[in-house]
Amino acid sequence: MKAIRSMILVSSDPESMDHGALEVFSTLQKQILAHGLEEEISLSMISDVSKKSQNPLVLVYPDAVIYGSVTPEDIPHIVEEHLYKGRVVEEKQISPYDLSGRIAWLTARKGTLPAENRIVLKNVGLIDPEIIDDYIINEGYEALGKVLKEMTPKETYTVIKESGLQGRGGAGFPTGLKWQFVAGEKRDKKYVICNADESEPGTFKDRLVLEGDPHAIIEAMTIAAYAVGADEGFVYIRGEYGLAITRMQKAIEQAQEYGLLGDNIFGTGFAFNIHIHAGAGAYICGEETALIESIEGNRGEPRARPPYPTTAGLWQKPTVVNNVETLANIPAIIRNGPEWYKSIGTPSSPGTKVYTILGNVNVTGLIEVPMGITLREVISIYAKGMKDGGTFKVAQTGGSSGSIIPASLQDTPMDFDSYNKAGVSLGSGALLIGNQDVCVVDLAKVLLNFFRFESCGKCNPCRIGNKRAFDVLSRIAEGVGNLQDLVDLQMLSNQLFELSNCGLGQTAGSPLKDILAHFQAEVEAHIKLKVCPAGVCPMSGNWEHQID
Amino acid sequence: MSTIKSLDDLKKIREEALKKQQIKESSGKTEVIVGMGTVGIAAGARETLKAILETIEKENLSDIIVRQTGNIGLDSYEPIVQVAVSGKDKVSYGKVNPEMAQRIIKEHVVEGEIISEYQIKG
């Protein structure tokens with residue numbers, strides 16, 4: 001895909017539609033085609049912004065220009081002058097004040113829009129994953145050679161630390177720091193684990209890398225092993241990923257034949273071996289300590305922390321656990337240096353992020369974009385707008401353990417820092433986009449049902465809290481909730497977050513918190529008016545204790 | 001296969017592989033690349049691949065390399081087939097079923113005419 005230079009949004013609220021928004025849209029489409037700009041400009045409709053008596057609006061990103069009361073006759077002039085020649089048509093421009101709905105212009109973005117920038121997915125979908133030479137042609141194993149021949153372990157983890165790479169599994173812990181912790185431990189044995197469990201529903205970015213570019217993971221794990229002084233590694237792949245396991249196995253064998261894995265890597269005497277461990281499909285085993293227990297042959301239950309895996313991990317030895325996407329960044333950082341990596345993304349969260357887009361949008365799939373892109377841009381540029389002219393209402397990030405993001409946050413830059421400040425989390429990179437037909441109570445109910453089912457049951461807050469929260473939500477969805485339920489949900493959310501042993505319970509409370517913070521009116525409608533505004537919940541009035 | 005002992009060894013392997021690739025490209029052979037990730041396979045990439053191979057056999061075509069790759073990320077368009085006629089840019093086709101695959105081989109690969117209605121547009 002070519003870099004998108006400009007994003008055009010046409011308002012499609014009822015008033016705009018009455019005043020010919022559809023015609024404006026189709027004329028724009030034709031004019032853009034006529035000028036041959038279709039590859040540089042993305043065009044879509046939004047329904048959450050309008051301005052009284054000046055509809056329909058045409059908004060031009062990233063120039064921060066709004067044209068008001070646009071008629072199809074104005075379009076040729078606007079396209080020719082503004083989009084083709086780059087001059088703002090001042091007579092049609094209106095002030096951004098008194099708009100209904102919220103839009104935000106990112107001033108840092110002026111003049112450019114984030115283009116897809118593939119680091120993690122550089123080779124995916126281009127090379128033959130079952131042929132090692134294909135990877136070597138594309139600079140494969142160069143970083144490993146450089147590290148083993150020219151750098152000390154300390155230099156290696158310092159480069160990663162300086163690059164500012166943060167873990168892409170969801171928590172965003174600085175990778176270089178994690179390596180440094182493990183490198184600092186003086187023990188006889190250390191391990192490197194690649195967390196490829198990817199059990200978050202709706203996330204499939206790791207599978208893409210494992211299936212499309214398995215050698216990148218082998219190279220990165222070997223670099224990590226050298227940096228921390230480990231000699232054995234595990235790739236924990238979920239059992240459902242049959243193709244990924246076969247391709248990974250093949251890749252390991254090929255790397256061994258070339259002497260890029262084994263007892264004498266690159267002829268330097270450095271030894272590192274990788275084993276594949278297939279997971280049995282439990283959600284909890286994506287949590288790093290549960291994953292470690294699972295490799296050890298125990299029940300997949302999280303451990304109490306501290307001690308963290310960096311001091312006492314697999315078989316109580318210091319262990320690095322990194323996500324697939326995190327690892328896939330490593331070879332490129334070593335090859336190009338930390339400064340290059342820092343030039344991508346935002347200052348607080350450098351690099352790119354892979355997102356899987358799904359839900360009520362026109363194009364689903366995978367994108368890799370610099371950190372700091374906004375949801376509005378993702379939906380308009382990469383997902384090509386909402387399906388069937390729907391309105392964007394809610395996004396669910398990161399599989400289940402993310403946040404429920406309301407439309408009012410769609411202009412917030414998507415990086416760890418900005419999302420933290422807004423009180424939401426980025427999760428593992430799934431973006432489930434929902435339109436006006438999604439009921440937030442139903443959405444939260446589905447999520448809590450999932451957590452209730454997947455809770456390992458080790459700690460009480462998670463085992464009982466999820467069940468209780470699910471019951472309360474089911475009651476509300478059946479129209480027999482009361483106002484005390486809102487208080488209960490808030491309390492359960494706090495207790496899940498504060499008291500649970502591991503990430504599963506801690507994030508299980510966030511959907512509850514998010515729907516109360518951003519969609520309280522909708523939840524209250526279920527309780528006070530006995531109405532589900534989206535028409536999803538059964539509201540049958542008879543709630544029975546559900547036993548499964 | 002010899003083992004790699006230094007960066008120079010790696011470079012040698014890389015150059016040899018590159019040379020092989022260039023020979024392939026300059027030999028006038030056409031590459032047909034099928035996206036064979038889980039998404040592609042679920043959408044029917046195996047049937048598409050089978051149809052491609054059968055068509056090549058039935059029409060008795062030579063100088064065509066069929067190879068697989070992972071999933072490029074355009075899940076809505078799977079199965080994806082890319083055709084690279086030597087010396088020209090890759091053309092990507094989306095939602096390719098066996099019948100379409102046959103047509104792509106017959107019209108694009110043999111006669112050199114791009115079927116624009118099947119193409120994925122940015």
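The model is predicted, so local features need pLDDT of at least 70 and side-chain atom pairs count only at pLDDT 80 or more, while totals for chains, interfaces and linings use all residues. Residues are numbered from 1 along each chain as its sequence is written, and chains are lettered from A and ligands numbered from 1 in the order in which they are written.

**Domains of chain A**
- Chain A is assigned domain 1 (6–109), domain 2 (132–341), domain 3 (352–434) and domain 4 (440–529), with bounds from an automatic or database domain assignment.
- Between the C-alpha centres of domain 2 and domain 3 of chain A there are 27 Å.
- Their contact (C-beta atoms, placed from the backbone, within 7 Å) takes 13 residues from domain 2 of chain A and 15 residues from domain 3 of chain A.

**Where chain A meets chain B**
- Chain A gives 34 residues to this contact and chain B gives 26 residues.
- Elements of chain A giving two or more residues include α5 (142–150), α10 (242–257) and β11 (365–370); helices (H or I, at least four residues) and strands (E, at least two) are DSSP runs, numbered from the N terminus.
- The largest share of chain A's side, four residues, belongs to α8(A).

**A sheet in chain A**
- Five strands form an open sheet with mixed pairing, in the order β11-β10-β14-β12-β13 (chain A); strands pair if DSSP finds at least two bridges between them.
- Strands β12 (residues 394–397) and β14 (residues 430–434) of chain A are antiparallel partners over four bridges.
- Opposite Gln396(A) you will find Leu432(A) in β14(A).

Methods
Two residues are in contact if their C-beta atoms, placed from the backbone, lie within 7 Å.
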